[in-house]
Amino acid sequence: MPDAPGADGRLLGPLDFERRPDSYRHWRVDFDTPVATLTLAVDPHGGLSDEYELKLNSYDLGVDIELNDAIQRLRFEHPEIKAVVVTGALEKVFSAGANIQMLAGSSHAHKVNFCKFTNETRLAIEDSSAVSGLRWLAALNGTAAGGGYELALACDEIVMVDDGSTTVSLPEVPLLGVLPGTGGLTRVVDKRHVRRDLADVFSTRAEGIRGERAVRWGLVDAVAPPSQFSECVRSRALQLAAGSDRPNGTGIRLAPLSRSIFEDVVRYRHLQVEIDRAGGNAHLRVTGPRGDEPTTPEELIEAGDACWILGLCRELEDAILLLRFNEAEVGTLIFHSQGEIEPVLAVDEMLGQFAGHWLVREIIAYWKRTLKRLDTSARSLMTLVEPGSCFAGTLAELVLMADRSFMLDGSLEGEEDSDLPAPALLLSEANDGRYPMGNGLSRLESRFFGRDADLAAVRDLFGKALPARESEALGLVTFAPDDIDWEDEIRLAIEERAAFSPDALTGMEANLRFVGPETLETKIFARLTAWQNWIFLRSNASGRDGALRRYGTGSRPNFDRRRV
């Protein structure tokens, strides 16, 4: 993959997440309104590294980055599309799943982050169906193995060609010594309701399941002979499209991000990221709306991605991914904001008033997905509420999602006469379910889980600008130091975080962030964080004689047989 040069030619890191359809190497998008077809046609020599070939429509991170971009563009640029067919370009093969040589040769961090991003992309497909009315059908024109079948599992329906050889399989356990790490096992039983004993057989049978048996077990929805396959797929896709409420209007264009990357700074229009590698942290400085923002859906469509609420979300997502993949030793993200509260509230009011409009719906869903990327980050999250901050409504989510938050009580010494308003935190209806976490609860409900009286007290104060002491008393921030203690408390908190074991912190944070009910989504990420992390590190998978290293060599892996 070509490097992405910054404004001065330097790079934050080797991975860039911006794509556009005319640069895709692995996907084709065709439109036959109301149906679009996404065809997986992986370029074997188009991987992110020259050390492996992407044979049999196997994929690496670059393939999924393109898929993520395609999903976003279908949602924002093509509201007239109501159903998407996902199929393969190769004869007898849909996808062989994640490329084994890529996994075997990747660092542990890259393997886990690859699985995380891949699953976030699958969840975006499911979210677009549940929230946007964009229905998905996997048309398995050939064998779907491992991650290839997991992509199909993310779709609303799966149709498989019944040609006597095509199968679906999750062969990770028998062949690779790992798990279907991007939600395969969870979706089989929790989403498709495959019986547990049959799922056990399926997940240990490397050759997979074909034909009518796959239908009976619930692994696919229908099969069709090759002569009827295309007609069956088209018919079912049109049926899915008929149930969609997406409009027939014109979408908006997602333009390239306005972004300058330097060695330790990334500058966007509404966000600046400052990286302190020596200290192991990064400061993310969000700027509120600076001018008039759209007040109606028509104005929102005219503004497109130039509007603040959509532009900032795109920038924040890009920054999260750049830091996640390119700055592994940056363990703490510290959020700041600057601007006036009233314009933020005006934007939130517009989103609430027109929540049923297709574009408003997409913007809200995009913020939900982006905030979830933070929730599942293997990063410590801190937020500082300072003079001139604009943490209100949507931006207040950046306070509620923090592992620790600090709010200045008063003003800093020497800045008493500053024009900046005193720190204030303002919550609104936007914080009460507009952006649910993976557990299905708002961050406010998660914060006060089991403390109904505290939650009710906060709800009674929606719309009121809360100063530091009141915010601390209500439980909305962790600490409210005055100017004497502010700098020392912040410094010590950041230094303390950098001194702890990052592994212990990742486990602790993942446990504490998701209280309450278990969902398919929390199961996927909890198991990815714990079991897949552990299994990838074991010699049975990644050791010299492990299954990932031995795969394709003709030699069987040498397993340590002890159960631990």
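This report describes selected strands, helices, cysteines and salt bridges of the structure above.

The model is predicted: local features require pLDDT of at least 70, side-chain atom pairs count only at pLDDT 80 or more, and totals for chains, interfaces and linings use all residues. Residues are numbered from 1 along each chain as its sequence is written, and side-chain values rest on heavy atoms, with hydrogens and water left out.

Helices (H or I, at least four residues) and strands (E, at least two) are DSSP runs numbered from the N terminus. Strand β4 covers residues 83-88, and six of its six residues are buried, where buried means under 20% relative accessible area, exposed over 50%, and partly exposed in between (1.4 Å probe, protein chains only). Ala 83, Val 85 and Thr 87 point one way from β4, while Val 84, Val 86 and Gly 88 point the other way.

Strands count as paired if DSSP finds at least two bridges between them. Strand β2 (residues 35-40) runs parallel to β4 and is joined to it by six bridges; Leu 38 has Val 86 of β4 as its bridge partner. Strand β7 (residues 135-140) also pairs with β4 in the parallel sense, over five bridges, and here Val 84 stands opposite Trp 136.

Helix α3 (residues 108-132) reaches 35 Å from its first C-alpha to its last, close to the 36 Å expected for its 25 residues; the expected span is 1.5 Å times one less than the number of residues. Of these 25 residues, 20 are buried. Gly 133 follows α3 and has a positive phi, near 75°.

**The seven-stranded sheet**

An open sheet with mixed pairing has the strand order β13-β14-β15-β16-β17-β18-β19. Because β13 (260-261) and β19 (404-407) stand at the edges with a single partner strand each, one side of each has no neighbour in the sheet. Helix α18 (residues 486-499) packs on the sheet and touches β16 (281-287), β17 (332-338), β18 and β19, contact being heavy atoms within 4.5 Å. The direction of α18 makes about 165° with that of β19; axes are lines fitted to C-alpha atoms, for helices over the stretch in contact, and angles run from 0 to 180 degrees between N-to-C directions.

**Cysteines**

With a disulfide taken as a pair of cysteine sulfur atoms within 2.5 Å, the count is zero. Cys 313 is in no disulfide, the nearest cysteine sulfur, that of Cys 307, being 10 Å away. The sulfur of Cys 390 is 15 Å from the closest cysteine sulfur, in Cys 313, which is too far for a bond. Cys 313 is buried at 0% relative accessibility, and Cys 390 is buried with a relative accessible area of 0%.

**Salt bridges**

The structure holds 47 salt bridges, each a side-chain nitrogen of Lys or Arg within 4 Å of a carboxyl oxygen of Asp or Glu. Three of them are listed below.

| Arg 369 | Asp 127 | 3.3 Å |

Arg 369 lies in helix α13 (residues 358-375) and Asp 127 in helix α3, so their pair ties together parts 242 residues apart in sequence. Arg 369 is buried at 13% relative accessibility, and Asp 127 is buried at 10%. Both residues belong to a network of salt bridges that also links Arg 75, Arg 246, Glu 362 and Lys 368. Arg 459, by contrast, is partly exposed at 32%, and Glu 445 is partly exposed at 25%.
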